[in-house]
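Here is a short briefing on how two chains meet in this model. Please look at the sequence and structure first.

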Amino acid sequence: VASPSRIESARARARGAKVAVGALATLVFGAAFVGAQHHARGHAKHRAKPLAAPASFEQAVRQSALAAGEIAPPEQPPSVVTSTS
Amino acid sequence: VSELHRFRAMGCEVVCAGGDPARVFERWDAAFSRFRADSELTRVNASPAWTVRVSPLFARALRVALDAAEQTHGLVDPTLGAALESAGYNRDFALLGDDPGPPGPAQPSRLGEVVLRGELLQRPPGLALDLNGVVKALAVDEAVAALSSDGFVSAGGDLAVRGPVDVGLPGGGAVRVVRGGLATSGVVSRRWRRGRAEQHHLIDPRTGRPAESPWAQVTVSGATCLAADVAAKAAFLLGGDGPDWLAERGLPGRFVAHDGNVVTNPAWTVEAACI
């Protein structure tokens, strides 16, 4: 029969081993998590931004907002007379 | 053109064919009238807060107005509400009469003090916005898109078509509007007196006073009524440089001087082949 002191020391070693395994697992998980953030394809690398058109595109659209209409010589008596605003 | 509908909205007579878009105008007027105590514009202008959350419609119109200011180098300016009040335009035009008292002080542009981020408007309390420079044209563009068949919508000097429409022009003559809009800005209507000085609603943002221009009326053809209206106002305010400014942008323009003389830029002359 093992003496109580040997049993206690064995339990202490077992507890230490469990803590070590737990810490190692946490460390491995954390390293994998960080690694995935930085290297895994499809994983968000930074905070998501709302989709928006490039500034150059928006500028082009604004400039073209003052575009011409289409007019031609009249073919009938006017249906309406434009006044002034 | 089918049967004409006529009604009053936004301080002018609206004439349309191809549908009855009265509700569209009512919605825009309810939001942007300077003379309705319950309009969103009145509420925003009266707010003592530096930052105001506005409705999506208000944000859209203000964004368009700020873009128009950028495109016209500040000539079409949404921050001239105080200048209009100072000139005496402080009630519905139908109720506006001559006044022996002098006009108030000049109120130049405060465009640089307005910031719009999404639906958050930042500006100093007391800054009076006036979006009429774009709102009526936006309403006309929306109304013509809502027509049930080919036709047109005309409100004051703002017109947009769906299908070709022959339109009579200021000072005589006519043109066929094949696509887009036609807008006329000028000082023939909406004039009043304060003291000895004649006032009108087209404010020069550089002086904060009613503009002095060699033109009585400027008519522009645009891809939309909004484009035509913004360009017509800018060309009017630019005075003698107006025809060239339009020509540089390929916009057909027709200018009627105070003496009735009509000037057209090359784009108008080529397309319309008439004055």
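β2(A) and strand β8 (residues 165-168) of chain B pair in the parallel sense over two bridges. Strands here are DSSP runs (E, at least two residues), helices are DSSP runs (H or I, at least four residues), and both are numbered from the N terminus. Two strands pair if DSSP finds at least two bridges between them.

This is a predicted model: local features need pLDDT of at least 70, side-chain atom pairs count only at pLDDT 80 or more, and totals for chains, interfaces and linings use all residues. Residues are numbered from 1 along each chain as its sequence is written, chains are lettered from A and ligands numbered from 1 in the order written, and side-chain values use heavy atoms, without hydrogens and water.

- A:Val80 stands opposite B:Val167 in β8(B).
- A:Val81 has B:Gly168 of β8(B) as its bridge partner.
- The open sheet has four strands, in the order β1(A)-β9(B)-β8(B)-β2(A), with mixed pairing.
- β1 and β2 of chain A stand at the edges with a single partner strand each, so one side of each lacks a neighbour in the sheet.

**The interface**
- Chain A brings 23 residues to the contact and chain B brings 51 residues (contact: heavy atoms within 4.5 Å).
- About 3,000 Å² is buried between chain A and chain B, and carbon and sulfur atoms give 54% of that area.
- Buried area is the accessible area (1.4 Å probe) that two parts lose on being put together, summed over both.
- A:Leu66, A:Ile71 and A:Ser85 supply 27% of the area that chain A buries against chain B, more than any other three residues.

- The rule finds two salt bridges across the interface (a side-chain nitrogen of Lys or Arg within 4 Å of a carboxyl oxygen of Asp or Glu).
- One of them joins B:Arg179 to A:Glu70, with the closest N and O atoms 3.6 Å apart.
- On the side of chain A that touches chain B, α2 (55-64), β1 (70-72) and β2 (80-81) each supply at least two residues.
- β1(A) gives the largest share of that side, three residues.

**Inside chain B**
- Strand β10 (residues 181-186) of chain B is mostly covered, with six of its six residues buried (under 20% relative accessible area, 1.4 Å probe, protein chains only).
- Strand β7 (residues 158-162) of chain B runs antiparallel to β10(B), joined by three bridges.
- B:Leu159 has B:Leu182 of β10(B) as its bridge partner.
- β10(B) also pairs with strand β15 (residues 215-222) of chain B, antiparallel, over six bridges.
- B:Gly181 has B:Gly222 of β15(B) as its bridge partner.

Methods: Buried < 20%, exposed > 50% of the residue type's maximum accessible area, 1.4 Å probe, protein only.
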